[in-house]
Amino acid sequence: MALTTAEMYFLITSKSKDSRVMLKNIRSRAYLVDSCLIDLAAADVISIGEDNKIQISNNLPHQLYFLNSFMDLIERNKDSDVDTVIAKLLQNIDVMKHTYMALGEQFAEYGHVVEKKKGLLHKVRTFVPKHQTNQEIIDHISSQMLGTAPMSVNVFCLTEILNVSRQLKLCFRNRERRAIVKRMNRLEEHDEYLQIQELIRDFGDHMQKVSTLVAKESPASYNTKSQTII
């Protein structure tokens, strides 16, 4: 199961009963956006230029089709600085829901999630990952971070995001988490992983600053009646 960083993040952090909670919490939403930006950068679609703007280098590859509306917003705001673009991504209800639904429908088609409908009056679609699907992701992290399996860029990125967001505890015990962090620190000694780490931290720094401001402006964290920002 070859999945991107955002795809694995979507699955591994989805709650057992309702994965839509990630849309309702600014922090969870921020790390989803972060993982999507990392996917785009890893695929050489975007980069952060010296002018602090997101530069578009290539077209969206088929594997990242779920980021269609995500990429449309970036293109519409390519003349804005990276913080402004990230803020608009976080606050744009339509883009976030479209990305969520695209991921959910894709995984439902492949049999990785179970689709459910929640709500008394207005039924909304939600997607619950199957235990086996998430276990495979955890096994990939374990075999690459704690074992001898070759390290993939996507698993490295996912593990770093889970570590920074303090969500490794969803998958591993304390001793395993400490061992994973030590392994990642050692990997930074290699230029390939150091560059990836710097990319993740660069996006992370922007994300933390922007999400803090957005949270202050939207105390309810996610207001479904808020205006769509383009």
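This report describes the aromatic ring pairs in a predicted model.

## Aromatic pairs

The model holds four aromatic pairs. In one of them, the ring centres of Phe10 and Tyr100 are 5.6 Å apart and the planes meet at 55 degrees, so this pair is tilted. Phe10 belongs to helix α1 (residues 5–13) and Tyr100 to helix α6 (residues 93–110), so the contact ties together parts that lie 90 residues apart in sequence.

Both partners sit away from the surface. Phe10 has a relative accessible area of 0% and is buried. Tyr100 is likewise buried, at 0% relative accessibility; the cut-off for buried is under 20%.

## Tyr100 and Phe127

Tyr100 also pairs with Phe127. Here the ring centres are 5.8 Å apart and the planes are at 50 degrees, so the pair of Tyr100 and Phe127 is tilted. A plane angle over 60 degrees would count as edge-to-face and one under 30 degrees as stacked.

This pair links distant parts of the chain, with Tyr100 in helix α6 and Phe127 in strand β4 (residues 124–129), 27 residues apart. Phe127 is buried, and its relative accessible area is 0%.

## The cluster

Phe10, Tyr100, Phe107 and Phe127 are linked into a cluster by ring pairs.

Conventions: Residues are numbered from 1 along each chain as its sequence is written. This is a predicted model: local features need pLDDT of at least 70, side-chain atom pairs count only at pLDDT 80 or more; totals for chains, interfaces and linings use all residues. Side-chain values use heavy atoms; hydrogens and water are left out. Rings of Phe, Tyr and Trp (its six-membered ring) pair if their centres lie within 6.5 Å; planes under 30 degrees apart count as stacked, over 60 as edge-to-face and the rest as tilted. Helices (H or I, at least four residues) and strands (E, at least two) are DSSP runs, numbered from the N terminus. Buried means under 20% relative accessible area, exposed over 50%, partly exposed in between (1.4 Å probe, protein chains only).
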